[in-house]
Amino acid sequence: MLKFDIEKQNGLMRAGVIHTPHGDIKTPCFVGAATRAAVKALTMQEMRDLGSQAILANTYHLILTPGPDLIKQAGGLAEFSSWHGPTFTDSGGFQIFSLPDVKITEEGAKFKSHINGDKLEMTPESSMQAQWAIGADIHMAFDQLAKSDNKKDMKDAMDRTHRWLDRCIAEHQRLETETISVPQYLYAVVQGGNFNDLRAESAKYCAAKDVDGFGIGGVFVAEGMAEMLETVNSILPNDKPRHLLGMGQEPIDLFVGAEYGCDTFDCVAPTRMARNGSLYTHDGRINIKNAKYKNDFTSLDPECDCECCKNYSRAYLHHLFRTDEITAKVLASIHNEHFVVKIVDRIRDSILSGTFKEYKNQFLARYYSAK
RNA sequence: GCUGGAAUCGUCUAGUGGCAAUGACAAGAGACUGUACAUCUCUCGGCUUCGGCCUUCGUAGGUUCGAGUCCUACUUCCAGCA
């Protein structure tokens, strides 16, 4: 069983430590998205330097290339990527869901590779096998996403996710007993969309299972997230960690997530937006490509202590983006990733010191006041 | 000097009688939440009561219902010959 210590708790919100075979994760924690075993535009050393504690890779992408077996040969995800720290893998459910021409059956999902059109299939069992080969510390159960206002569709997807969960657990346990390696852990994924009664049902189902933690998935809109998380996390066992899948573009999502009992987060938005020139500051997000930054020789964010903000001006970043220098994306990614990692680190500090509410109010008031 | 060829939006470019006029770049702005994303979208002559109106394809004339497109002259540039 994955070891998770809670250092301080206030309502659903808590600060703790997840002890993984590759090291500890002090929670709450923002986990970097390393979909293809790489954080886009950044080296693993840069990730360490900016304060990242863990990364999350994607089973779908790694199955396509270079393949789970190759990563296994390399000694697992952490070794292969030279990250060496705690790692997660997402099951592939989300990606497959987002592909066109996906066929969901009870057995699994049939889809075409976005790279070469190969007809592929993923099942709960094959996802578990791939994740064991990839060898992340924490795996996600293979789930079926649904994005629908139709409650019946949502319930069908949720019920199937539950049936798949049982198969994931069975396969995970089989692999666990037959594999002589460092332990690997499994999170169940709670679904149910925007229907809180379905969310409650899903949380109850998952809570009863022999898993190491929980992913909360299928959150597409931040509205209503607080109530949803309150519902779900009141039901999930308190002593296991919870990962809020895919949320973290907006700082408020991180505050709300932590406040309502989520321990880890991952989100592609900080690095994606960085590559597209949309950069976080304490006074809100700015588009560094805008003409008004051409002659702005101030730091991107004077209160940020990342490599980018300590050394370079907005005018310089503007110039790098305008001239399409690769360095633009590197520096911007360092900053955005650091920014969200730091927010969550400070949320943790504020939980430990009992000042969460003050920190939240002060941060959000300033961040969202500009717009 | 002669003979050909060419001049279109900031730049390059499409256009061969129905055109405010193609595409690319540049420029201006927006989007992005378990990454098919180094991506995508919109704007890009002026005005508008959003139906249009006005001014534009080197300059000036002309032919035509209608000209960026055809004719004439001029200007500038390019190539070849002297």
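Helices (H or I, at least four residues) and strands (E, at least two) are DSSP runs, numbered from the N terminus. The model is predicted: local features need pLDDT of at least 70, side-chain atom pairs count only at pLDDT 80 or more, and totals for chains, interfaces and linings use all residues. Residues are numbered from 1 along each chain as its sequence is written, while chains are lettered from A and ligands numbered from 1 in the order in which they are written.

Chain A contains 15 helices and 16 strands. Its C-alpha atoms fill a box of roughly 60 × 45 × 40 Å, taken along the principal axes. Of the 371 residues in chain A, 50% are buried. A residue is buried if 20 or more other C-beta atoms lie within 10 Å of its own, exposed if 12 or fewer, and partly exposed in between, with C-beta atoms placed from the backbone. Two residues are in contact if their C-beta atoms, placed from the backbone, lie within 7 Å. Among contacts in chain A between residues at least 6 apart in sequence, 68% join residues at least 24 apart.

Chain A is divided into domain 1 (3-267) and domain 2 (269-371). These bounds come from an automatic or database domain assignment. The C-alpha centres of the two domains lie 27 Å apart. Contacts link 31 residues of domain 1 with 27 residues of domain 2. On the domain 1 side, the elements that give two or more residues are strands S1 (3-10), S2 (13-20), S3 (23-27) and S4 (29-33), together with helices H1 and H10 (251-259). H10 supplies the largest share of that side, five residues. By class, the side has 17 nonpolar, seven polar and seven charged residues. Ala, Val, Leu, Ile, Met, Phe, Trp, Tyr, Cys and Pro count as nonpolar, Asp, Glu, Lys and Arg as charged, and the others, Gly among them, as polar.

RNA strand B has 44 residues around it, of which Gly246, Val268, Asn276, Ser278 and Ala291 come nearest. A residue is near a molecule or strand if its C-beta atom, placed from the backbone, lies within 6 Å of it. Helix H5 (93-98) and helix H11 (269-275) are the elements that give two or more residues to this surface. The largest share, five residues, comes from H11. The surface near RNA strand B has 16 nonpolar, 18 polar and 10 charged residues.

One open sheet has three strands in the order S7-S8-S9, with antiparallel pairing. S7 (103-104) and S9 (119-122) stand at the edges, each with a single partner strand, so one side of each lacks a neighbour in the sheet. Strands pair if DSSP finds at least two bridges between them. S8 (residues 109-112) and S9 pair over four bridges. Lys112 stands opposite Lys119 in S9.

Two helix residues complete the picture. Arg48 lies in H1 (residues 44-49). Arg48 is partly exposed, because 13 other C-beta atoms lie within 10 Å. Lys155 lies in helix H7 (residues 151-178). Lys155 is also partly exposed, with 19 other C-beta atoms within 10 Å.
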